[in-house]
Amino acid sequence: MLHIPCPYCGPRDETEFHYGSEAHVAYPENSANLTDEEWAKFVFIRSNPKGWMAERWVHSAGCRRWFNVWRNTINHEFGPSYKPFTQQPKSPA
Amino acid sequence: MMVNLEFAKSPLSSAEHGSKDSAVWMYEVPFTPAWDLRVEPGNDAYAAVNAALGLTLPTKVGDVARLNGACIGQDDFVVGQQAIIALCLGPDWWYLTGTADIQALLLPVQEAHHISFVDVSSQRTKIEVSGPNAQDVLAHYWEQDLREEHFPIDACSQGVLAKAPLIMWHCCENCYLLFPRASFAKHLWTALTDAAVEYL
Amino acid sequence: MSTVTFTFDGKQYTGQKGESLASALLRNGVLHFTDSSYKDRPRGVMGLWVEEPNALVNIDSGAGEPMVMSTTIEIVEGVVARSSQGVGDLPDTRDNSRYDKVNRHVDVLVVGAGTSGLEAAKKFADQGKSVIVMDDKPTAGGHLVYLGQPVPPELLSVLDRENVTFLPRTTVQGLYDQGYSVATERRTDHLDVNVHTEMSRIRTWHIRADHTVLATGAFQRHLVFANNDRPGIMLSHAAATYVSNGANPFRAAVVVTVDNQGYRDAVRLSQAGVTVNAIVDIRNNPSGPSVEAAKASGIQIITGKTAIDTCEKEDGTVKCVSVGNPDGTEAACVDGDLIAVSGGWTPVVHLATFIGIKPTWDAKLAAFVVKHSDSLTSTAGMLAGDFGDDDEAAIFFGPKLSTEQALVAFVDYQRDATYRDFKRAIDAGMRSIEHVKRYTAIGTAHDQGKTSGTVTMGLIGQAIGKAPDEIGSLTFRPPYISVPFAALAGRDRGLLSDPERTTPIHSWHVASGAPMEDVGQWKRPWYFPMPGESMHAAVLRECAAVREGVGVMDASTLGKIDIQGKDAGQFLDLIYTNMFSTLKVGMSRYGLMCGIDGMVFDDGVTTRISENHWLMTTTTGGAAKVLDWLEEWLQTEWPHLEVYCTSVTEQISTVAIVGPKSRELMRRLAPSLDVSNEAFAFMENKHVDVAGVPARIARISFSGELAYEINVPAIYGLHIWESVMAKGADLNITPYGTETMHVLRAEKGFVIVGQETDGTQTPDDLDMNWIVSKKKDDFIGKRSFSRADTARDGRHQLVGILADDGSYVIPEGAYIVAGADEKTAPPVKHIGYITSSYDSAALGRSFALALVANGLARKGEKIAIPMADRVVTGVITDSVFVDKENTRRDG
């Protein structure tokens, strides 16, 4: 059971959160002008790294905020969490 | 909004379990008015809300501010005609309850500022759990840290108790107020009374 | 100690209260506990505690439990046990014991209350930390308790401190990431055999600790020689402990050892009155205080030799051991009814390996140890390699054996896996412990290789000439010992297994006898049968009542989200496929939401309450995910929008009155309201008092009929429902449930998200192109509608299906194949499937909705549906079956 550091509420049990996939994948502003390939890349393709990854979670059962957090996909270790539109902390790697 | 007691029915029909002198005592506190308030801290709207309510909304999630409010047991969980309890649920989100006419206080603010102010009196009911073993009963289901230094008096938290989402307010010594969503109230009551078996 | 009576295999014995069942049986001279699982060989007790591979029993008293280790049962008056030949035997009776769970956060969790665990507890307690100490045994002290020595008071008293909690009889079953542990505490079995209904029998602890100290100690392991499994062959430490406590069925012993532990145990045996005929040590030059002590007590010491084989008495227990060179030569018998084996210590590395810490091989100790210390986890005591100064061991696991001997030399007792089995794995090319384990089943029994794991790794090393750490590493998985499912389930069973969400009107539904349908966690009335009425008849009656008179439904479960802010209209335009910003105040509009992939995600009606105030409804099951979705876009993409969302699902109770006579009923409920179609149009909202409480009435219809939804604060929900029933009595008002709602909407071709959709349907696929705005620059999903795959020919599209036999209701999910004449036996290509299927009162026949490839262009085509017992034929139709012109909704 992961203990996820919500930047507003502190570490909480995984059951209180929903996963939001990779962080920093912005919705394209000019979606109509994108080629099918560019659009498909946005919709379907994520980096899925082995190791440290910045990802999004929402604290659904708590403060209801979406936030970003570094997590190591190898051993589930969490790095710093941070609010959207704030400076991304360096990868703990 | 005044509650018309002739027609109203609370989710638990004012259920009670244990008694004032038992190791754990719990009961529903029905029909307490409540509002969900959303406003951005630091801006004019926030200042206007504070001025209207006569208290400063805490900005740290989990903090509680009260105006005249106290937890003193059944039938009267807030005292004073103008009591307001403000639980900070999110960085721009408060749960307001109390005996003051909060609606009348905030309506003028809503007309002038970008705030959201929603009557949620029926959305949740309230269950008070008190007594020497109150914390033990809650620990059967509550995954968060209940230790005094991490969840002191006048801390609040949202989470899941027996899989039911709720707000918990540590309102005074050995006493917790739970604000479960109404649809989960019966389930939660079953779970709480079951967890109390060993202490009663 | 008081004396208690217990029963084993139908025979009564007495023992000392609190001693283990194994100890009590030895005290009574019982050596042969059971027979082995597969080879029916007589077996006795080997060990002291949870490492025991042989002496399993079924407990028939108290709560009853299959396959428990007799070494771990504390006997109380009236315990009834039965030997178990390795296969559990579940009791027929229901276990009425209570099992529960407790969550606890703590600064430091210490696992193991032996000397090193207590020292760690003291260190942290002195620093003012909160500490929980867990030990799976009944008392603290670890090794010292077995040795009968007092625990130093300055250590024992730590457990009494205010900031320290000691949980005896508590087994840490799993250690996970971030200091999370799960432990089970045995709370009542040692009190008496009766089931305690209030105190839980087993409590599962969920612990979050900032730091976890693993002081789990070690188990002794055996050696692999021929006939090493006879009753009377035991681990030396276990034998010496039982015998020292007076459980002594033995006269003469031979100690076979690889380390100095054997010497200490030999002295203890000797002091307890057992004649030690010899200590047989594989080492050539043993030394150290323990060796000297054994010499001083006059015990014969044979060095450089080991056990090769044993012989048995008539009753199958051991009679003597043949002692020879490690290559099996020069073997000669030494008598002993106890062969006490000291094969070295195996630290309990389980918990450490659960979180990925790799044990390291300590050649001096001949053991895998875990020396680890970081902010989350540290190790202490024997686990960390602290064996004391008198414990060098030979790296030796068993002698060279002949083929015949190998057949009866056991590596894993419980699995009856022999050296021969092991050798076959090696000869077949296995080298990794993981491969050998799977090839031989070694380490897969109830004990999960607690004794056999290191032995196997050592044997692989011996066989291929490598050190054990070159073979690999020991890894284990939770739980540490077998645990009843009931303990893990705790109170999460029956009613408490999952929340039942109920509406304010639920008690009325229950009282009326309506069966409930599960919709997510919600309990919704399925249908309201009259006495003796079948579901089929009830639903037809309810449907007819709605289409011809008036029905009433509890719609309180719909998700509801209050949306406020000046940009709410703009926001809804981005969220929904259709336009909302142009909606007039007081009006409602149906909307469809798609994901970025263009697939339908949720739907519902949204109402503009005032200029900047909206109320969205979602599907019953979609409320939480839609709110997450809205917040996601507001918080992470469009924070500049001034919009706030608040869940009000339970704030508002909704009672829908539906049917041609609903206007008359609405008039009665709110006499001040002008209910004419001119004054109160379709999709309009009115605020008015209904039966004395403030309500919002919405002219929304999910059936195609004239309908009014009465929305009130939920505390008045039941009152409104009862008022509706009272005022509608002479109109023959008919309560209806989810089944009728489904039939009525399907007759109108209205989809249900999650029934007609599975996350792969676009609005076009659902024949709902009308709801996709062509004016808006962008909305979520728009760009995906022109992707090659979503725009392609041949997608599954929503159509109606009428079976040729109108009395037949096609099962939902049934596959459709093209053309009535085509081959219908497999293999055959399907063109779609049935999503909804009902009998219809309005049509007087069955009908169905389906998703069919290119379905919209195939209306009128014949289809076939191959079922197990028949082939159903039918025709593709439009998806709207009733009132295609929408004339009924205005009454």
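Strand β34 (residues 600-610) of chain C pairs with strand β35 (residues 613-618) of chain C in the antiparallel sense, over four bridges. Helices (H or I, at least four residues) and strands (E, at least two) are DSSP runs, numbered from the N terminus. Two strands count as paired if DSSP finds at least two bridges between them. Within this pair, C:T606 stands opposite C:M616 in β35(C). The model is predicted: local features need pLDDT of at least 70, side-chain atom pairs count only at pLDDT 80 or more, and totals for chains, interfaces and linings use all residues. Residues are numbered from 1 along each chain as its sequence is written, chains are lettered from A and ligands numbered from 1 in the order in which they are written, and side-chain values use heavy atoms, with hydrogens and water left out.

Both strands belong to an open sheet of five strands in chain C, in the order β33-β34-β35-β32-β36. The pairing in this sheet is antiparallel. At its edges stand β33 (588-594) and β36 (644-647) of chain C, each of which pairs on one side only. Neighbouring strands of the sheet are turned by 30° against each other on average, direction ignored. Axes here are lines fitted to C-alpha atoms, for helices over the stretch in contact; angles run from 0 to 180 degrees between N-to-C directions. Helix α18(C) packs on the sheet and touches β32 (559-564), β33, β34, β35 and β36 of chain C. The direction of α18(C) makes about 25° with that of β32(C). Contact means heavy atoms within 4.5 Å.

A further open sheet in chain C has six strands, in the order β38-β39-β40-β37-β31-β41, with mixed pairing. Its edge strands, β38 (685-690) and β41 (734-735) of chain C, each have a single partner strand, so one side of each is left without a neighbour in the sheet. Strand β37 (residues 652-658) of chain C and strand β40 (residues 707-713) of chain C run antiparallel and are joined by seven bridges. C:V658 has C:A707 as its bridge partner in β40(C). Helix α20 (residues 717-727) of chain C lies across β31 (551-554), β37, β38, β39 (693-698), β40 and β41 of chain C. It runs at about 15° to β37(C).

Chain C also meets chain A. Here 24 residues of chain C are in contact with 28 residues of chain A. The two chains bury about 2400 Å² between them, 49% of it on carbon and sulfur atoms. Buried area is the accessible area (1.4 Å probe) that two parts lose on being put together, summed over both. In chain C, C:D628, C:Q635 and C:R783 lose the most area to chain A, together 28% of what that side buries. Four salt bridges cross this interface, a salt bridge being a side-chain nitrogen of Lys or Arg within 4 Å of a carboxyl oxygen of Asp or Glu. One of them joins A:D36 to C:R783, with the closest N and O atoms 2.8 Å apart. Helix α18 (residues 623-636) of chain C gives the most to the side of chain C that touches chain A, with seven residues. By class, that side has eight nonpolar, six polar and 10 charged residues. Ala, Val, Leu, Ile, Met, Phe, Trp, Tyr, Cys and Pro count as nonpolar, Asp, Glu, Lys and Arg as charged, and the others, Gly among them, as polar.

The interface of chain B and chain C involves 47 residues of chain B and 50 residues of chain C. About 4100 Å² is buried between these chains, 49% of it on carbon and sulfur atoms. B:F7, B:H114 and B:S183 supply 16% of the area that chain B buries against chain C, more than any other three residues. Eight salt bridges are counted between chain B and chain C. In one of them C:D492 pairs with B:K163, the closest N and O atoms being 3.7 Å apart. Elements giving two or more residues to the chain B side are β3 (34-38), β7 (116-119) and α4 (185-195) of chain B. The largest share, six residues, comes from α4(B).

Over all chains the salt bridges number 64. Within chain C, C:D126 forms one with C:K122, at 3.2 Å between the closest N and O atoms. These residues are four apart in helix α2 (residues 115-126) of chain C, and are therefore separated by about one helical turn.
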